[in-house]
Structure formats: structure tokens, C-alpha cells
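Student: I am new to this structure and would like to understand how the words used for it follow from the values. Could we go through it step by step?

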Amino acid sequence: MDNPSHHGMSAPSHPMKRVAVIGAGLSGLVTIKELVDESHTVVCFEQHDNIGGAFYNKADEGGIYNDIHLTVSNYFMAFSSFAAREDVRKYWTASEYIEYLEDFTQHFRLRKFIQFNTEVLSIEPVGTQQWRVRTQRNGEICEDWFDAIAVCSGKFRNPAYPNLPNIDQFQGKIHHSFDFKEPSYFKNKHVVCLGLGESGSDIAHQIAQVAAQTHLVVNRPKSVIARVILGDTGDSRTTRAAHYSFLINHSNFEATLKKRIMNKGLKLNESKHKRPLSAFWMWKFLVKYGLHGEFSNKNDIWMQDLDSGKTQLHLFSIERFEANGIVLKDGQFIPCTDVVMATGYKTQFDFIAHPAAREVAENIRCNYLHMIHPDLRDSMVWIGFARPDVGGVPTIAELQARYYAKLLAGKLPLEHSTVLHEKIRDYQVECQQQFCLEPERSENVRYYRFTHYLAEKLGVVPRWYDLFPNLRLMFYLYHGSLVAAQFRLRGPGKLPAHAKKVMRKVGLMQVPTWHKVFFFTLTSTLSLLAPPIRKFIKLFGVSDKNCNSYKKYTSVAAILKQQWPSGQHFELNDDTKLGAIFPSQFELEGFKYFLSSEYDVPIELLQTSQTVGALNNYLQSSKGALQDITTS
């Protein structure tokens, strides 16, 4: 597809700023482009010898592994000003995304603004108007002065290691996912994988193909979205209609009500087919809220290893390390030779000599729009530090860059710092509700709401009448993928002809017709119902109500029959061992977790050698205790 080109630039009508951009990853590149479009002078410092940031794979450096496929499709990874060249939706590899960024860089002639192999040593304020930037390149230290700084360095640079008891006594090897390249080292080894983010999911799957035994230890079931649904990418359903409707939850009431309906439907469906429970549907059953309360992992490849038995699942965290293995909180001992920690990264801005940087490192929500600290205002911003629940980071980073370039140019106002502090406080409260299960992950945002607010600030929110009288494109705006190009239909920086081409190309989800009719009808209907129902929920103050509290049964047999989603019939007696009930290890682990989380069964009663009779005795006694408390 043809992409818009730079034309000859007229003299700017505003004072130009000299801006340092830190990092030439996706956020840094689009920030350079938008700043240059507004006639600012830009110097970008990149510590590596090429663009790409976290996606640039060097054999001698960590950060990205060889066989990586992105979890967001190409149409969502493309910027609004430069379309993906493919005519089909797909998941790019890291190298394919680097090719896209190379094409983007070449098309907009950005490389001349980048100083490669340059490490930023320090950034410190000089008076109230400028910043001094000290850099090192080929052993030579240089200083330069700038009016403004855009920090686009990303957070995937400093591995985080959890502080686990007796870890120093472990005689095997500890790895971090940051250092993983390919799985051959783990061939025939006994490996424990900690953590289940999107990279952790991939790494656990790769290791399971070669290791003698692979164990996956997760603190609790977390939201997972299938990568492919009925032949198309999972994010093909990231539409305006889906976000307007109840498919994206706005409160615990919505989330738990939908979860209750889903669990009932799952139980009926599995019972009807009388089939063994798959890892995917067990996981969906155990996840607390679904698409609410946490970041959604868009990588389900590891679940096939649970079904096949290549990976053993454990839903109780580590109690302690021993010399040749780990002990879990449910008492299980797992012998292992290696432990791989996919435990995330620490955000650090130690090179910035300002107290606001330390505050931002601890909580990016201290910034307005995850960008602007009230004490620094537009003299220093952070771009690309927002991770959406669905959709892609590039859309958000580009909207932030467009907003920042126009702020510096004086074309958009910035509220007083007191107002910014108030808005930040309100936003933090909202996020604590929306991401209640992961309060420590401050980079999490809601894709639709966050992009919509940025677009409002820019004046680029697309309207249906921008596409009139083209009924097909009007339908695509509502039911097609909510990609970045939609924010070029109107307002500053508009590229309406290009945006419409992209929208036609992206189109609708490529799934069977029956599913399109079902999905479009469902989301359209729910979109109409959602606003009045949400007003009702807010009016009566039931936003936090839990609609999915489980009825308490007093026997394992009743729980399996009435609540557990498996379609199988279980033959039990009082002497049946807990470990002998289920045909698969993951289902046993899931049922243990369910008893622990929903029935408060003590860990000592969840040993595989424990009998059904002992569990029944506990369930009956705890039910009686509960009734006594209720009546008194």
C-alpha cells in the first residue's frame, strides 16, 4: 500500500525546540517523526548499532529470543502514517517487525537524526529551561544541551528477580527470560519455569519440547486470550463495538456477572458432550474476572503442553528452595536442575538526575497520560510506557508522540500543574479498580479508553460522518479493528485518503459467516444496552458487587457434579485419593486451586494422598460453622 510521504516543509510558525529522544525503538522512532513534522530539532541517542529497541536481536545480548512471534497482529503493530505491507492479518516475527521499522525509518528519513552506539550517562537540569545530556560513544564522553527530553527507552532492560527463601542454597542454575535465546541448553534437563507473561508462555513452550521434564509454576490463573480464533487472529475482535459493549468490563459487577454466565454455559456444554476437560477451558473457568482486573496474556501456546503432558502445571507459589529443587506452598517437592524466571523487569531511570524520575520509575501513573509529570511538564516526557489490555503499544505511543510534538509547538494547551495532579489522582483510583488484581503493574491501560482520551486531546476522534456516504467504511469504523489509522481521518495531521485505504484493507474479521453475524449482532445489541445498564449500576452503587460467589456444597462429589466444568462422570467413595480422581495432572491442580480459593480448604488437606472422606468432613464442618455464624 502507498504510504504518505514528506512534502517540502514551510517555515514553522512557532518557536522550534531542541529535543533529545532517548532510544530508537518503536516509541523513539515515531517520536522523532512527529517532532520533525512539527519542525523541532531532534537528536536521538541509541545505545545499540541499529533501530528496534526491545525487538532488535543480537546474539551476544539478552532481551529477545530467536523464535519469537509477536502477540499483536501486524495491523495493530503498524503506525497510522505507515501501513503494514501485507494484505492479510498475521503475527509478525521480531525480525519482520524490524523490517517494518526499517521501512518506516527509511520512508520518513529518520536515520540521520539518530546517534547509534551512544550510551546516555546522565541527564540533569540546567536552570529551569534546559537539560544537560552526557553521553559516551566509542569511549569518548560528550555533553550537549536541550530544551526538552523524550524518554523512549522502554522498560525491558533490567531483569527483576523475586526474593525467594533459600534461593542461595539451590545448586542448580537460575536463569532469567531476558537471557533466553533458544532452548537447546535445556535438552534432557528438569526445568521449573516461573511466571506466565507473554514471553514466559513462549519460553515455557519451547523448553517443554526438549526438556526431560518441565514444570510451570504460577501464583494464580491469569486472563488468557487465544491467539487464533476460528482461523483469524484474536485481536481481530478488538473493535469499537466490542469496547462499547459488555465484552470489555467496566466494573466488578459486569465482570463477575459475565463470568457466572460463562461458567454456567461451559458446564452445560461440557456435560452435554461428556468429554474430558481441556486445559484452555479449565483455565477460563478458574480465571477470576476474565477481561477485567489485569493485563490479558495473548499467548495460549503453552496450554497444548498441559494437554499433552509435556508440562506439569502448579498453581501454588514457591515456599522455599532446596539444594536440588523447590518446595511449593502445597507441600509438593519438585526436583530440578534449572529454574527459569519469567518474572518481568524493573523500571529504572537512574541516569536522570531529578526526583520526578524516581517517582515515575516506581509508578508510571504518576504521569498525566503516562507521559507528563506535573513538576516537569513538557520539558521531559515518557513515551511508550503504557501497555494496553488488548490492541497494540504502537497506536498509543504514536498518539502520545503526536500530542507531545504539538504541546512543544504551542499548538495545544497544557493544564496547570495543580489540575494535572488532580487528574492523576482520579486516574489512579480508576486504574486501581480496573486493574485490581495487578495494582503493582502501573503500565497497564485500557486500550479503547486510553486511545480515545488521547485522541480527544488531539482533536482526532473519528466520527461516522467523516465516512459518509460510504456505508461499508462506516460499518468498518464500528465493527472493524480499532487500528491506528482511524485516528488520521480528521483533525491535526489528518490523512483521510490514506486512513480509508487502511480501513478497507484491514476490513472485518476473516471467520465463518455465522460467527460474523453472531458477533456483530451480539456487540451491536450489547452496545445499545450497556450505557443505561451502567448508569443503573452506578446509581444503585453495586459496581463492586460480586455476582459469581459460588454456592457452597458439602461434598467433593457435589462440587464435581454441580460446579466443576468437566463433562465426565466421577466415581468416588470416601477412600478415593484426591490424586486418583482426575485423568490429567493439570485438572487435579486446577481442582485443588478451586477448593483452596473458593472453599478455603487448608493446604494440608490438598495433598494428593488425601482422601475424599477427609475433604468431605472438612467441607461439612466448615459449612456448619458458616451457618452458625450466619444465624448468630
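Tutor: Let us begin with a term: angles here run from 0 to 180 degrees between N-to-C directions, along lines fitted to C-alpha atoms. In this predicted model, helix α1 (residues 26-37) lies across β1 (18-22), β2 (41-45), β3 and β7, and runs at about 165 degrees to β1.

Student: How do you know how far the predictor trusts the model, and where is the pLDDT below 50?

Tutor: The protein averages a pLDDT of 92, and 96% of the residues score at least 70. Over residues 7-11, however, the pLDDT is below 50, and this stretch has four contacts in the model beyond near neighbours in sequence. Residues 624-632 also stay under 50, with one contact beyond four places in sequence. Where pLDDT is low, the predicted coordinates should not be read in detail.

Student: What makes β3 and β18 the edge strands?

Tutor: They belong to an open sheet of five strands, which has the order β3-β2-β1-β7-β18 and parallel pairing. The strands β3 (114-115) and β18 (380-382) each pair on one side only, and these are the edge strands.

Student: Why are α11 and α12 called roughly antiparallel?

Tutor: The axes of helix α11 (residues 417-434) and helix α12 (residues 447-458) come within 14 Å and cross at roughly 160 degrees. Angles over 145 degrees count as roughly antiparallel, and therefore α11 and α12 are roughly antiparallel to each other. The contact brings K423, Y427, E430 and Q434 in α11 to R449, F450, Y453 and K457 in α12; by class, it has three nonpolar, one polar and four charged residues.

Student: What makes α10 roughly parallel to α12?

Tutor: The axes of helix α10 (residues 393-408) and α12 come within 10 Å and cross at roughly 20 degrees. Angles under 35 degrees count as roughly parallel, so α10 is roughly parallel to α12. The crossing in which α10 passes α12 is left-handed, while α11 passes α12 in a right-handed crossing. The contact of α10 with α12 divides into seven nonpolar, three polar and three charged residues.

Student: Why is α13 called roughly perpendicular to α14?

Tutor: Here α13 and helix α14 (residues 496-506) pack at an angle of about 75 degrees, with their axes 10 Å apart. Because angles of 65 to 115 degrees count as roughly perpendicular, α13 is roughly perpendicular to α14. In this contact L473, Y476 and L477 in α13 meet K500, M503 and R504 in α14, and by class there are four nonpolar, no polar and two charged residues.

Student: What is there to say about the backbone at P469, R109 and N188?

Tutor: Most residues other than glycine have a negative phi, and most peptide bonds are trans. The peptide bond from F468 to P469 is cis, with omega near 10 degrees, and P469 is placed in the loop between α12 and α13 (471-479). R109 has a positive phi near 50 degrees and sits in the loop between α3 (94-107) and β3. N188 has a positive phi near 65 degrees and is found in the loop between β8 (173-176) and β9 (190-194).

Conventions
Residues are numbered from 1 along each chain as its sequence is written. This is a predicted model: local features need pLDDT of at least 70, side-chain atom pairs count only at pLDDT 80 or more; totals for chains, interfaces and linings use all residues. Side-chain values use heavy atoms; hydrogens and water are left out. pLDDT is the predictor's confidence in each residue, from 0 to 100. Contact means heavy atoms within 4.5 Å. Two strands pair if DSSP finds at least two bridges between them. Helices (H or I, at least four residues) and strands (E, at least two) are DSSP runs, numbered from the N terminus. A crossing is left-handed if the near helix is turned anticlockwise from the far one by less than a right angle, and right-handed if clockwise. Ala, Val, Leu, Ile, Met, Phe, Trp, Tyr, Cys and Pro count as nonpolar, Asp, Glu, Lys and Arg as charged, and the others, Gly among them, as polar.
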